[in-house]
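Biologist: I am new to this structure. Could you take me through it feature by feature?

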Amino acid sequence: MSEYFPLFQKIDAQRRILVIGGGSVATAKIEALRPHAPYLTVKSLAFREDLENMLRKENIAFAKGAYHPDDLENIAIVIAATNDRSLNETIKKQANQKGILVNCVDDRALCDFIFPALVRRGSLQIAISTAGISPVLARLVKRSVETLFPANFSDVIDFLQSKRKIVIETLSSLQPRRLFWEKFISSGAIDQILKGNKRKAEQIFNKFLRSQDRGDNAALYLIGAGCGDPDLITVKAVQLLSRADVVLYDRLVAPELLERYARKDAEKIEVGKKRGKHHMKQNDIDHLIARYLRQGKIIARLKGGDPGIFGHASEEIEIAKINNAAWEIVPGITAAVGCAAHSGIPLTERGRSKSLRIMTLYEDDVYDDGFWRSLASARGETFVFYMSIKHKTLICQKLIEAGLSADTPIMAVEQGTTSEHREYAATLESFPVLYGETSFMSPTLFIVGDVVRYRSEHGWREEKTGLKASFFDYPSLETPDGGKIYAYS
């Protein structure tokens with residue numbers, strides 16, 4: 001967590017920027033501050049000739065003389081760019097007494113703030129900082145960002161500024177205005193402005209404004225958030241999440257997704273469930289969805305994994321239909337796919353697995369011998385069990401009893417695809433001996449099938465220090481009755 005909070009400070013004629021110093025360091029800072037020339041004051045005992053020429057050319061106020069506390073009147077921030085640390089300390093102390101922030105150049109200990117690398121396109125400003133750790137890295141990032149925004153991108157900002165009033169007058173409420181701007185900015189109008197075709201941009205603007213719905217925009221988006229790693233969300237999911245007035249999110253949704261992509265003013269409500277404890281029952285979630293739809297809100301129902309896999313999607317869609325609201329399903333990477341990929345395992349593979357079955361164990365299934373026989377009779381199939389932690393030993397026992405080979409590979413994946421991703425591999429016979437007493441954290445899923453053997457061959461990530469050793473790290477394991485269980489190769 002950074003100790004620096006990014007902030008854009010307002011500067012005007014009543015609250016100016018004061019630079020103290022007239023050498024090379026001061027020159028570099030003044031160059032960076034040139035866009036704020038009307039609100040800049042420089043003071044120094046002496047000035048480099050090139051700096052003094054620049055100050056005159058840019059009409060920047062400057063004065064020759066020693067620093068005096070009276071120089072701090074009507075000042076918002078101070079840049080101390082002298083080579084006298086004692087003087088810099090004095091400036092900082094006296095400025096801080098007046099509530100003025102100080103930057104002492106190249107002396108982080110005396111800085112109340114630091115300067116970011118800045119990409120500026122008119123009123124669009126993008127600040128980049130590494131908290132002073134690596135200015136070189138900040139500059140490299142700046143260089144990459146600058147390629148995304150042409151030098152004339154300020155024309156886009158000017159165009160948007162010129163249209164703000166008419167949009168506010170035409171679309172009286174916030175939601176239609178927000179949707180209009182999102183649609184317009186995402187259209188080809190921006191390219192037309194950058195090419196200098198402002199009349200074409202005007203035509204697109206007028207067309208969109210005339211056609212913009214001024215009424216109810218209620219919608220329900222069932223969005224798959226992916227299986228843990230926040231980078232595994234889809235582009236479409238990000239687009240729709242950023243539109244939502246309300247975000248109803250599950251417990252397994254990565255918090256980074258809300259921080260990155262949800263609107264800051266969106267209402268965010270956790271509605272997640274975990275084994276043995278429901279933060280909110282499904283009926284309560286349904287009532288919540290209905291209430292917000294009747295208010296004309298756009299709802300992002302953000303679900304871990306994929307909304308169509310054990311996600312109550314049909315119930316929630318029915319609520320949208322009853323309320324005559326638009327709805328859409330946005331698929332996500334389900335845990336089976338994400339965890340297997342993270343572990344280097346293909347879920348299907350020629351010669352080893354012809355199909356994939358994703359399931360969860362309901363109480364009726366646990367003691368249904370016919371259910372287990374149906375699994376054991378499958379040939380060349382991969383099984384993935386969701387939400388079945390408490391049945392981990394029973395899964396192995398029942399599959400063997402039903403006829404599956406005792407040396408069939410099984411792997412538990414705990415906290416899949418997250419920074420806490422852990423893997424526990426064994427066979428149906430050895431897993432209860434090795435991990436029967438292990439308390440796995442939720443979410444944990446189990447992958448059963450010959451494809452688990454690929455883990456040792458296709459693993460692409462460095463193992464984390466402290467990972468629990470798996471069964472395959474040992475040539476054999478002695479069982480309590482004195483026998484040995486051998487690892488497969």
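Biologist: How many residues does the largest nonpolar core have, and which have the most contacts inside it?

Modeller: A nonpolar core is a set of buried Ala, Val, Leu, Ile, Met, Phe, Trp, Tyr and Cys residues joined through side-chain atoms within 4.5 Å. Buried means under 20% relative accessible area, exposed means over 50%, and partly exposed is in between, with a 1.4 Å probe and protein chains only. Here the largest nonpolar core has 26 residues, and Phe385 and Phe431 have the most contacts inside it.

Biologist: What kind of model is this, and how are residues numbered?

Modeller: This is a predicted model, where local features need pLDDT of at least 70, side-chain atom pairs count only at pLDDT 80 or more, and totals for chains, interfaces and linings use all residues. Residues are numbered from 1 along each chain as its sequence is written, and side-chain values use heavy atoms, with hydrogens and water left out.

Biologist: Back to the core. Which elements give two or more residues to the largest nonpolar core?

Modeller: Helices and strands are DSSP runs, numbered from the N terminus: H or I of at least four residues for helices, E of at least two for strands. The helices that give two or more residues to this core are α15 (369-376), α16 (392-402) and α17 (431-435). The strands are β16 (381-386), β17 (409-414), β18 (422-427) and β19 (444-448).

Biologist: What is phenylalanine 385 in contact with, leaving aside its neighbours within four places in sequence?

Modeller: Contact means heavy atoms within 4.5 Å. With those neighbours left aside, phenylalanine 385 touches Met359, Leu361, Trp372, Leu375, Ile395, Leu445, Phe446 and Val448.

Biologist: Now the helix pairs. At what angle do α1 and α2 cross?

Modeller: Axes are lines fitted to C-alpha atoms, for helices over the stretch in contact, and angles run from 0 to 180 degrees between N-to-C directions. The axes of α1 (residues 24-33) and α2 (residues 49-57) come within 10 Å and cross at roughly 25 degrees. Angles under 35 degrees count as roughly parallel, over 145 as roughly antiparallel, 65 to 115 as roughly perpendicular and the rest as oblique. So α1 and α2 are roughly parallel to each other.

Biologist: Is the crossing of α1 and α2 left-handed or right-handed?

Modeller: A crossing is left-handed if the near helix is turned anticlockwise from the far one by less than a right angle, and right-handed if clockwise. The crossing of α1 and α2 is left-handed.

Biologist: Which residues meet there, between α1 and α2?

Modeller: From α1 come Thr27, Ile30 and Glu31, and from α2 come Leu51, Met54 and Leu55. Ala, Val, Leu, Ile, Met, Phe, Trp, Tyr, Cys and Pro count as nonpolar, Asp, Glu, Lys and Arg as charged, and the others, Gly among them, as polar. The contact of α1 with α2 has four nonpolar residues, one polar and one charged.

Biologist: How do α11 and α12 cross?

Modeller: The axes of α11 (residues 282-294) and α12 (residues 313-322) come within 9 Å and cross at roughly 30 degrees. That makes the two helices, α11 and α12, roughly parallel. Their crossing is right-handed. Gln282, Ile285, Asp286, Ile289, Ala290 and Leu293 of α11 meet Glu315, Glu316, Ile319 and Ala320 of α12. The contact of α11 with α12 has six nonpolar, one polar and three charged residues.

Biologist: At what angle do α5 and α6 pack?

Modeller: α5 (residues 154-170) and α6 (residues 174-185) pack at about 145 degrees, with their axes 12 Å apart. α5 passes α6 in a right-handed crossing. Residues in the contact include Phe159 and Leu160 of α5, and Phe180 and Trp181 of α6. By class, the contact of α5 with α6 has eight nonpolar, no polar and three charged residues.

Biologist: What should I look for in the backbone?

Modeller: Most residues other than glycine have a negative phi, and most peptide bonds are trans. Here a cis peptide bond joins serine 442 and proline 443, with omega about 0 degrees. Proline 443 is in the loop between α17 and β19.

Biologist: Where is asparagine 59, and is asparagine 59 buried or exposed?

Modeller: Asparagine 59 sits in the loop between α2 and β3 (61-64). Asparagine 59 has a positive phi of about 55 degrees. Its relative accessible area is 66%, so asparagine 59 is exposed.

Biologist: Where does phenylalanine 310 lie?

Modeller: Phenylalanine 310 lies in the loop between β13 (298-303) and α12. Phi of phenylalanine 310 is positive, near 50 degrees. Phenylalanine 310 counts as partly exposed, at 35% relative accessibility.
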